[in-house]
Amino acid sequence: MPDLITHTKQDETRQGEAYSPFVNAPVAYGKKFYIESYGCAMNFSDSEIVASILNENGFGATRNYEEADLILINTCSIREKAEQTVRKRLSDLRVAKEANPGALIGILGCMAERLKAKLLEEEKLVDLVVGPDAYRTLPGLIEEAADGQKAVNVLLSREETYADIAPVRLNSNGINAFVSIMRGCNNMCSFCVVPFTRGRERSRDADSIVRECQDLFNQGYREVTLLGQNVDSYYWNSGDSGAESVAFAQLLERVAMVSPLLRVRFSTSHPKDITDDVLHMIAKYENICKYIHLPVQSGSTRILQLMNRTYTREWYMAKVDRIKAIIPDCSISADIIAGFCTETEEDHQDTLSIMEYSEYDYSYMFFYSERPGTLAARRYQDDIPEQVKKRRLDEIINLQRKLSHESNMKDIGSTVKVLIEGDSKKSEHDWMGRTSQYKVVVFPKAGHSLNKGDYAMVTIDTCTGGTLLGRVVE
């Protein structure tokens, strides 16, 4: 199954996750919607916007698609596997449609944008196809579909940011929240469909972002992740005479100043846009997390040029040096693609060596899958045999495991500040939280009056490849 990493980090544990209804619904909804989400964090954030729009139009959420009047699948198009998963899911939903012929089924997001009306031809089950910039039109499209028409809106926008819509946090732990700050991407990486499925970059009103973060903090949230396909290129100006322009560094500062108790993360970065201003701002504020996701994709300058990544191997390594110089305790992660077109063994060894140089704490690793419509699909031959891609990917994964374990070993004996997110997956007697560097920490609850959302100082006693284990220090 060929695979490719997306621009924003993808949580494999959440793929296909269905939203739950309000714990205390403010009103009794006459109709029910069911929504599953696939892909990156941006897609999950978009589902929260869709939920808000539907709530305003009389729909309440359900986790049982069999009782839903409206079944939506928010899709990803970056991976071939993701599209295959959605098509299989549609076949599963056929039974629900047969049992309730009045139920409407809709495809949202990037797959809807890529395939457009073709989806209606290929998937006779589908009633609505809605692109990521057209969610405001959902109520009208639902009415069209309810009247027996197939409804499609995949128009991309140069202005839409959904800044005025308060997302419904239907599946949150109450501690961490995504806040979308911009949409689209101007970086025409040759392997990527994002510019075609999400359009050009446009930044959201800075004041609305800060208000949303303040509201989240007031509700008890203690960490926000600022989201965008390329957050570092964020730039907003109201257009008013004499108005202040806000670049990403200034936005980070504004959000950090909401409260010192509110942690601030961001995803995803393009190496060319991580400026010294951003790095100094991260270093300045304790509550801006010391963690940067810095996709490399390949360690070979030749392959990077074919990917249209706009930097060389040496330039990227210098950027890593700069991060470590300004933020010595910063954790770095990356996206890595194995087996891109024409990749040689020497190119592959360059990727392994840049991983060792950068000392990544984590990586999101996949082998290349050609995506229709991309520059790479038009210009290059996908000429690396799948078994070679898989072998190279295995070597990348094994090296990353080694680097992650070495990074965790360095933390043994240190005391770290942990934001408690909830119970450990393995035991309700232990807390699980994360450090500023995004490392998972598990420690016993016993003898300490701590709650979810609290900060705890934890001394690290031991570790596994992916988790730090410790004890609370009073």
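Residues are numbered from 1 along each chain as its sequence is written, and side-chain values use heavy atoms, without hydrogens and water. Because the model is predicted, local features need pLDDT of at least 70 and side-chain atom pairs count only at pLDDT 80 or more, while totals for chains, interfaces and linings use all residues.

**Exercise 1.** Describe how helix 8 packs on helix 9.

Solution. Helices (H or I, at least four residues) and strands (E, at least two) are DSSP runs numbered from the N terminus. Axes are lines fitted to C-alpha atoms, for helices over the stretch in contact, and angles run from 0 to 180 degrees between N-to-C directions. Angles under 35 degrees count as roughly parallel, over 145 as roughly antiparallel, 65 to 115 as roughly perpendicular and the rest as oblique. Helix 8 and helix 9 are therefore roughly parallel. On the helix 8 side, the contact (heavy atoms within 4.5 Å) is made by Phe248, Ala249, Leu252 and Glu253. Helix 9 contributes Asp277, Val278, Met281, Ile282 and Lys284. By class, six of these residues are nonpolar, none polar and three charged. Here Ala, Val, Leu, Ile, Met, Phe, Trp, Tyr, Cys and Pro count as nonpolar, Asp, Glu, Lys and Arg as charged, and the others, Gly among them, as polar.

**Exercise 2.** Do likewise for helix 12 and helix 14.

Solution. Helix 12 (residues 345-358) packs on helix 14 with an angle of about 15° and axes 10 Å apart. Helix 12 is therefore roughly parallel to helix 14. Residues in the contact include Leu352 and Met355 of helix 12 and Ile396, Leu399 and Leu403 of helix 14. The class count for this contact is five nonpolar, four polar and five charged.

**Exercise 3.** Which elements each supply at least two residues of the lining of the second largest pocket?

Solution. A pocket is an open set of points on a 1 Å grid over the protein atoms alone, where a 1.4 Å probe fits, with protein on both sides within 12 Å along at least five of seven lines; lining residues have an atom within 4 Å of a point. The second largest pocket holds about 410 Å³ of space. Of its 20 lining residues, Cys330, Asp361, Ser407, Lys410 and Lys439 are closest to the centre. The elements are strand 16 (331-338) and helix 14 (386-410). Helix 14 gives the largest share, four residues. The lining has seven nonpolar, five polar and eight charged residues.

Conventions: Points joined across faces, edges and corners; volume = space filled by probe spheres on them.
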